[in-house]
Amino acid sequence: MSSRYVADTNPKKINLGVGAYRDNNGKPWVLPVVKKASRKVEESDRDHEYLSITGLATFTDAAQKLVFGKDSLPIKEKRVISVQTLSGTGANHLAALFMSRFYQFTKDKEIYISNPTWANHNAIISNVGLNPVSYPYYNPQTIGLDFEGFVKSIESMPEKSVILLHSCAHNPTGVDPTPEQWETLAGLFLKKGHYAFFDSAYQGFATGDLDRDSSSVRLFASKRIPMLVCQSFAKNAGLYNERVGALHVIAASEDEAQRIKSQLSVLQRSEISNPPAYGAHVVSLILTDPELFSEWKRDIKTMSSRIIEMRDQLYNKLQELKTPAPAGRSDWGHIKSQIGMFSFTGLNKAQCDSLVNDYSIYLTGELSLHRLFELKRSDTPSFVTANGRISMAGLNTNNLQRFAESVDEVVR
Ligand code: PLP
């Protein structure tokens, strides 16, 4: 949370900068199913021995089925290798490290990432000696997807390029390709032999439906596109600091899968020896017990529906106030059509600054690590609020009206 928000004494201050789900009272929400599963884990006579290097097998097996679907072809053909990681960040790191050691890059160890993307992607990729290169993704004019630019870029990349894709609920834009656009992308990946590096941090959080939110991954897997998936249970299970995640790599054959598994084990051993057990036991129970699994799906719906409801209410309120739409837009429809926890409002830097300084409304700020490295010792790192991004989870029925009215005032 921004230190300025904490220090602000305005009782009406609003925090739209959190990267975690909040309930309608603005409080963190422990999923009821997680409470139940945690109790079961605590009551079991579990010991505290090390897990194996690749983690808790009941967890990784179930996590694999969750992302690819239980009837998935590569799972049936025993071509999926799954390793438990330190949440999604750990999965991204292990994946990037694995690629840096074993992938035959066509050009300068480049990994292509969307412009913009989750700020940590840049740092994680650079840390292992790979080169992050941006591809066009977001069009600020339409506050939507720059599909044409995206496609052109994929076509012009060298063959067998590694391209990072957000499987759903793109962070930070909330703008996803449509199912038809995913089909086009899959066709291009096949044609050019590209490698898909999927980041799946929000399965279930986008539409409220776990299967639907994994359809991009499943489409690519069904077409035998070479790929891996970095999976996080931070958001969809609300297990942020338990660090529960997995890396799934699809191999070309069962034999290759065994080799990849031993390569990943060697890397994991030198990095963390073995992953933490507690959260993995909790998620493993939720994924394998039919009753708990159904309850989890209901909890996910609770979170995703509240966010969708906030989108609708914000849109309606701005319509009611006749708030002028951001430049290039005829209305605020993008608030409703964007997906997941975040929303690019289209507010410009001056408007964002005014919300913070004059209204005590704090927007999401991404402190770029690259920027931090460039700062001199005397500089105070400050969050960049210029991109107009808000966390929809920070809105609730108590603060929505004030937020809409404040937006109305700053854009006029
Ligand atoms: N990937 C994306 C796109 C994210 O937005 C996040 C978290 O914000 C992560 C990965 C990793 O999160 P965690 O390490 O908490 O699972």
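## Overall size

Along its principal axes, the C-alpha trace spans about 65 × 55 × 45 Å.

This is a predicted model, in which local features need pLDDT of at least 70 and side-chain atom pairs count only at pLDDT 80 or more, while totals for chains, interfaces and linings use all residues. Residues are numbered from 1 along each chain as its sequence is written.

## Fold and packing

The protein chain has 16 helices and 13 strands. These are DSSP runs, numbered from the N terminus: helices are H or I with at least four residues, strands E with at least two.

Buried residues make up 46% of the 412 residues. Buried means 20 or more other C-beta atoms within 10 Å of the residue's own; exposed means 12 or fewer, and partly exposed lies in between, with C-beta atoms placed from the backbone. Of the contacts with a separation of 6 or more, 76% join residues 24 or more positions apart. A contact needs C-beta atoms, placed from the backbone, within 7 Å.

## Nonpolar core

The largest nonpolar core has 108 residues. Such a core is a set of buried Ala, Val, Leu, Ile, Met, Phe, Trp, Tyr and Cys residues joined through C-beta atoms within 7 Å. Ala95 and Phe197 have the most contacts inside this core. Beyond its neighbours within four places in sequence, Phe197 touches Ala95, Ile111, Val162, Ile163, Leu164 and Leu228.

## Ligand shell

The ligand has 13 residues around it; Ser87, Gly88, Thr89, Ser232 and Ala234 come nearest. Here, near means a C-beta atom, placed from the backbone, within 6 Å. Helix α5 (residues 87-102) gives the largest share, 3 residues.

The shell divides into 4 nonpolar, 8 polar and 1 charged. Ala, Val, Leu, Ile, Met, Phe, Trp, Tyr, Cys and Pro count as nonpolar; Asp, Glu, Lys and Arg as charged; the others, Gly among them, as polar.

## Helix α8

Helix α8 (residues 179-192) has 14 residues and reaches 20 Å from its first C-alpha to its last, close to the expected 20 Å at 1.5 Å a residue. The expected span is 1.5 Å times one less than the number of residues. Just after α8, Gly193 takes a positive phi of about 70°.

## Ser265

Ser265 sits in helix α10 (residues 254-272). Ser265 is partly exposed because 15 other C-beta atoms lie within 10 Å. The C-alpha atoms of Ser265 and Ile53 are separated by 6.2 Å, though the two are 212 residues apart along the chain.

Methods:
Contact = placed C-beta atoms within 7 Å.
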